[in-house]
Amino acid sequence: MKFQKVSLFVLLASACFNVSAQDTISAQKMDWFEDAKLGIFIHWGIYSVEGISESWSFFNNYINHDNYIKQLDGFTAKNYKPKEWAKLIKQAGAKYTVITTKHHDGISLWNTQADKAISTLKDAAAKQDVITPFVQAIQQEGLHTGLYYSLPDWSHPYYDVFTRARKRYELAKEPNRWNHYVEYYQKQLSELSQQYKPELIWFDGDWEHSAKEWKSKETLSLLRKYNPNIIINSRLNNHGDYETPEQGIPVSRPDAKFWELCYTMNDSWGYQPFDKKYKSPNMIIRTLVDCISMGGNLLLDIGPKADGSIPQEQMNILKQLGRWTNKHASAIYGTRAGIPFENYNGKSALSKDGKTLYLYVYEQKKQLQLKGLLNDAIQAVSVVGDAASKVTAVLLDEKVQLDLTKVNFDQDVTVLALTFKDKVQWHAPREEAITLQAVLDNKQTNSALNQIASLLHSGKNIFDHSGLTIDGMESKLPVENLTNPAVLDWVKKHAEALYETGKGLPEGHYEGLSALSKDRQTLYLFVEGVPTGPIALKGIKNGIARIRLVGEGSMINHEIFNKLYWSSIPGIVYIQVPKERLDKNMTVIAVLLDSPLALHREKVGAIENNL
């Protein structure tokens, strides 16, 4: 019995050591991925010939399979220049890339020897293995290699699923046929692993079968045989290393430590000539910032044409993205998630050592404030990528006041770097007893208006029972000789947004402060300074009736991006604010909803399917 007890202790100790060792290996292998922040996704295949949806177009019976496959005859790759692709991707600031080696349509883009495979080398007009020269080019540029691989193959005779309306066979009735398919796809993964030595495999399509049916554990072991440190996304029936939300920018940080948003420039993954709904470079840059601030990566997609050229719109976005990433490299790569919104009403990130706080500024404005910081002193303050700009910082009583009057603002997003002696520490800001009289008497107009917006956002309305009327007329506010007339005029002009309004949006839905009308059908957005791009709203389930400027009535336009018909996740709302109509102190935008406010704040994880 004594021997058994000792053996049990040894076994338990050994198990604990192995778990600890595995955790260490896992953490180490994810270092480059966590530091990378930006990758480029490439959807290239025969679907680019007609410019139709990759694989789904025949699966959903928008085109029959025979006509879909005829696109092999038009896939020429005659203008394919992989070295130029690699240079452009690196210039954009990406640290890794993921290219489709085989989508659900079953067309392999490399020289596969797997049984009954269709490939661009053997079957397409190109007569090329297009993956090999690309991988060689990106590795020469020092980029990390990621390969997309679809688990389903809707063209393969061994696969059970064919289209939405038709199956080839029932797996339970023909298990040997299914086993042949598993052998087929695992052989392809062995080829990819041996030939290209990828650091990351990006699976897709796992929803069609269970982990047991895919033999996910065996597949993972197979990949680790070639590379013990292989990184796998979350689409191998939860056998992966990181989560992959798709298209919908997370409202709040995903639960997983490691995550990556895969995201299109327009509404399409592959090349579609009639899809001109491109996001602007500013929108893309701010999406990258959004991911950085929540500790994640952005995997931005491009869809080359059938001849191998990259659409001009996509090239322009990559070049503008590269302008910003090269200027702000220190505030991108190797950063970690930032501080809470209640401490800084914007997006932020921390350096890997935790001693530098990066603040991303979306507007040209005179000042900004941090709250609840516990550090004793700031060692240095700078504008990233612009030594000529000067920022003055005053730290007092857990607050940092930054003077931005001598900053040359970036055309997209300005980044401030605050460096401290020790790691940045913070707690929830202390509540302050601020009276309406003190706000009205504040000689610093911008500071007073920020106080008003902050209080309303937190659910404290200092205008309740104050004598303020809904239109600002005939108000009986406590006006004294010391009252700041600019503050008083602003309050009267924007009374609609102050009268009986309540707590604003939770963190993540809007990058600024907000308030909500009593009936919860009008959302008020407070906008400081001059925005360098459109105002963005995430996770609003409601329809939008109209949007206007408070106090002067101008109707303004908005666009919704990434609202996918198969997903319950709301699209992102971008509001264009005319600069000539901005209030010189603080602008207020009224968003009129078609029903009481409803928010999407569900857990963010891997996409389930897009049927």
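How many residues of domain 2 are in contact with residues of domain 3? The count is 14 on the domain 2 side and 14 on the domain 3 side, where contact means heavy atoms within 4.5 Å. The model behind this is predicted, so local features need pLDDT of at least 70 and side-chain atom pairs count only at pLDDT 80 or more, while totals for chains, interfaces and linings use all residues. Residues are numbered from 1 along each chain as its sequence is written, and side-chain values use heavy atoms, with hydrogens and water left out.

The chain is assigned domain 1 (37–307), domain 2 (341–420) and domain 3 (436–593); the bounds come from an automatic or database domain assignment. Taken over C-alpha atoms, the centres of domain 2 and domain 3 sit 24 Å apart. Between them the two domains bury about 1,300 Å², with 48% of it on carbon and sulfur atoms; buried area here is the accessible area (1.4 Å probe) that two parts lose on being put together, summed over both. On the domain 2 side, Phe341, Tyr362 and Gln364 lose the most area to domain 3, and together they make up 40% of what that side buries.

What about polar pairings across this interface? There is 1 salt bridge between domain 2 and domain 3, a salt bridge being a side-chain nitrogen of Lys or Arg within 4 Å of a carboxyl oxygen of Asp or Glu. Glu528 and Lys365 form a salt bridge, with 3.6 Å between the closest N and O atoms. Strands β15 (363–364) and β16 (367–371) each supply at least two residues of the domain 2 side that touches domain 3; helices (H or I, at least four residues) and strands (E, at least two) are DSSP runs, numbered from the N terminus. That side divides into 2 nonpolar, 5 polar and 7 charged residues.

Asn297, in strand β11 (residues 297–302), is buried at 1% relative accessibility, where buried means under 20% relative accessible area, exposed over 50% and partly exposed in between (1.4 Å probe, protein chains only). The Asn297 side chain reaches the backbone oxygen of Phe33 at 2.8 Å and the backbone nitrogen of Lys37 at 3.5 Å. Beyond four places in sequence, the contacts of Asn297 include Tyr96, Trp259 and Cys291. Asn266 sits in the loop between β10 (260–263) and α11 (281–293) and is buried too, at 3% relative accessibility. The side chain of Asn266 comes within reach of the backbone oxygen of Asp275, at 3.1 Å, and residues touching Asn266 include Tyr278 and Asn562. In helix α8 (residues 175–196), Ser190 is buried with a relative accessible area of 12%. Its side chain makes a polar contact of 3.3 Å with that of Tyr226; the two residues are 36 apart in sequence and 8.0 Å apart in space, C-alpha to C-alpha.

Over the whole structure, a search turns up 30 salt bridges. Glu141 pairs with Lys87, the closest N and O atoms being 3.5 Å apart, and this links the loop between α7 and β5 with helix α6 (residues 82–91), 54 residues apart. Glu141 is buried at 18% relative accessibility, whereas Lys87 is partly exposed at 43%. Asp410 and Lys327 form another salt bridge, at 2.8 Å between the closest N and O atoms. Asp410 lies in the loop between β19 (399–406) and β20 (414–420) and Lys327 in helix α12 (residues 312–327), so the pair ties together parts 83 residues apart in sequence. Asp410 is buried, with a relative accessible area of 2%, and Lys327 is partly exposed at 27%.

Note on methods: Ala, Val, Leu, Ile, Met, Phe, Trp, Tyr, Cys and Pro count as nonpolar, Asp, Glu, Lys and Arg as charged, and the others, Gly among them, as polar. A polar contact is a pair of N or O atoms within 3.5 Å; within protein, one must be able to donate a hydrogen and the other to accept it, and residues adjacent in sequence count only if both atoms are side-chain atoms.
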